[in-house]
Amino acid sequence: MYRSLGEFVAALEADGQLERVREPVSPLLEIAARADAESRRQAPGEPGASSLGNDPRRCRLGGRALLFENVEGSELPVLINALGSYRRMEMAIGAPEGFDALAERIGQLAKPEPPRSLSELIAAVKRFAPLLRIPPKTVKRAACQEIVIEGDAVDLSRLPIIKCWPFDGDLAAVGYPPDLNRGIPELDLLADPNFRGRYITFAGIHTIHADDANETKPASHNIGMYRVQLLGRRRLAMHWHMHHDGARHWRSWKKRGQRMPVAIALGGESVLPFAAIAPLPPGISELLFAGFLSGRGIPMVRGRTVPVRVPANAEIVIEGWVSHEAGGVGYDPRDPEAGPLGPGAVFEGPFGDHTGFYSLPDRYPIVEVAAITMRRRPIFPATVVGLPPQEDYWMGKGVERLFLPLFKTIVPDALDYDLPMFGAFHNSAVMQIHKEYPLQARRMMSSVWGAGQMAWTKIVIVVDDDVNVHDERAVLRAIAERCDVTRDVELVKGPLDILDHAAPALGAGTKIGFDAPRTWPAQHEAIGGDAPRPPLPDAAAAGRGVDAVRAVPGVRDAACPPELAHGWLFVSMDPDADIERVIDEPTLATGPAPPILIVVGPEIDVHDLDETLFHWAANMDPGRDLHRRRGRLAFDARPKTPGATRLGMPVRDWPPVLTMNPGAPHRDT
């Protein structure tokens, strides 16, 4: 744990984890492109033992942190990919032995055992005594306020705010009129191609609930990590999802008819970015969690122009006010009945997101900046998200490991879990149980779909305790061998992540669960008979099926991997080709065939398991895009045409896949 970003940079350099880039670089795409490429390289040093075991395929990836010292248009250096490896994450949060050891400490605090002897009582006192030091502390003087710029002197264009992907901020590139925001006063930088599409990507957004407006230490103080678009020299757009605490706070101020104070803090203690993304239980403050990780309270100082405390050791703090007049999300200016954009709002986006696709534009509130405070020689932290693995992958895996003990306190059946890379953290979760009664896996699915931020998970896979949840191939093999898709697959309707472009409605659609532990006779009786599961194809039958499918019109390629027990058939197919021709192909229909068929777009390499599964999870809604036939499931995971419908469920606007070279296949960039 490090008290400032400067200390963390020094530690990274001493450990061989940092590369200084001294030649001039552009904040427009170049920094992001270099970070994107770096994140896929070998990382220096060895991660902790638990990371080696929990993610054996990717544990040594992530490259180096990059410090760009000569950024065009700004005097400030940019740090990126700072948390982009297991080792750097372990350094940042103080887990030199790996995440599991720190997770065990969290588990002991979350579910303490009553002491049975004096020695155990003394040990418990020693364990809990450090918690007295972790609440945040208010200070009067702070490094983050060594320089104060207020009012008309504020000029956000002097900060090295980066543009990550070519279509960021380009409304026309994703099918919207380019002049939608024209006429909004003081959004001067949006018209300048050198500033359009630039985003603050790695800041802690500090907000409070309106009920705590007069509190000096508000209990509601929240830190989120949301993207913030540069609009003008004193204007930003605040993007937060409707279920985020920051959005909930904003709605409380909007209800009062008052603008909301906000502080956008960059840098500070090395634990703060992790605390900002942590899925903490209700009532647990991110500041308390950061203090726990640091072993000491985070020093906070009152903002100069807003009634919000900010991290005293931050590099830069942007203070401002979020308009309460803005309308909500779900606004489509192309709809004749949509009406005007309205005051206090901007049509924000698009933005290359962690899903690997552009999140499409929508209406979000404008932030009027009142002040910028900073250190005398600040470092500007940034990140780029996109097709995994990126820096956010390592942060997300840290969340996965550290919060396993907390998850097990609310879902005790869970032995372990994995949020696989192909699911981009919101599309898939694999749960491990020790099966003790029929339909226990269904209970696990329901538990996941009701558990905090995991409630948005689209695909839940439940496996036995003899299946390694961190091995995607072992998990898929277990589904093929143990999941009878005619009765061991559960579909439910519910809320989905707002970034799920395949959902038929914004933030709502269908989820799917695979019940893949071994079944029990009583389970057969409960869900419809005990007919034997159809046999899986052997190598010869699988080969015949692949050859037959490749001959179907519109099919580009097919694969039936033997390491998946020939239980999965992957097909790349033209978007306008008839998927029913593949589903009803006679060789598959009359002989042993894979029980699960996934059809992806023609540009996808179906021999690349990661790529195929990524597009499966991203591009299908189980309620609309699942076909059932003769004891088999077929998923249409191809890009779709907006406005099309199936089973009464529509296709919404479809975003492009992220690439630095628009028009080129993303895997070739």
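This is a predicted model: local features need pLDDT of at least 70, side-chain atom pairs count only at pLDDT 80 or more; totals for chains, interfaces and linings use all residues.
Colleague: How do you know that the length of α7 agrees with a helix of 12 residues?

Modeller: Helices here are DSSP runs of H or I with at least four residues, strands are E runs of at least two, and both are numbered from the N terminus. The expected span is 1.5 Å times one less than the number of residues. For α7 (residues 245-256) that should give 16 Å, and the end C-alpha atoms are 17 Å apart, so the two agree. Just after α7, G257 takes a positive phi of about 75°.

Colleague: Why are α1 and α4 called oblique?

Modeller: Angles under 35 degrees count as roughly parallel, over 145 as roughly antiparallel, 65 to 115 as roughly perpendicular, and the rest as oblique. The angle runs from 0 to 180 degrees between N-to-C directions, using axes fitted to C-alpha atoms over the stretch in contact. Helix α1 (residues 5-14) and helix α4 (residues 86-93) pack at about 135°, with axes 11 Å apart, so oblique it is. The contact, meaning heavy atoms within 4.5 Å, is made by F8, A11 and L12 of α1 with R88, M91 and A92 of α4.

Colleague: What makes α4 and α10 oblique to each other?

Modeller: Their axes cross at roughly 60° and come within 9 Å, and α4 and α10 are therefore oblique by that rule. Here Y86, M89 and I93 in α4 meet Y393, W394, M395, K397 and L402 in α10. Those residues divide into seven nonpolar, no polar and one charged.

Colleague: Why is R60 called partly exposed?

Modeller: Buried means under 20% relative accessible area, exposed means over 50%, and partly exposed is in between (1.4 Å probe, protein chains only). R60 has 35% relative accessibility, so it counts as partly exposed. R60 lies in the loop between α3 (49-54) and β2 (65-68). Leaving out residues up to four places away in sequence, R60 touches R41, Q42, A43, E46 and L52.

Colleague: And what makes A424 buried?

Modeller: Its relative accessible area is 6%, so A424 is buried. A424 also has a positive phi of about 50° although it is not a glycine.

Colleague: Is L439 buried or partly exposed?

Modeller: At a relative accessible area of 25%, L439 is partly exposed. L439 has a positive phi of about 60°, again without being a glycine, and lies in the loop between β21 and α12 (440-448).

Colleague: How do you know that α13 is largely enclosed?

Modeller: Eight of the 11 residues of helix α13 (residues 472-482) are buried, so the rest of the structure largely encloses it. Among the elements that the buried residues pack against are β21 (428-433), β24 (508-515) and α18 (609-619).

Conventions. Residues are numbered from 1 along each chain as its sequence is written. Side-chain values use heavy atoms; hydrogens and water are left out. Ala, Val, Leu, Ile, Met, Phe, Trp, Tyr, Cys and Pro count as nonpolar, Asp, Glu, Lys and Arg as charged, and the others, Gly among them, as polar.
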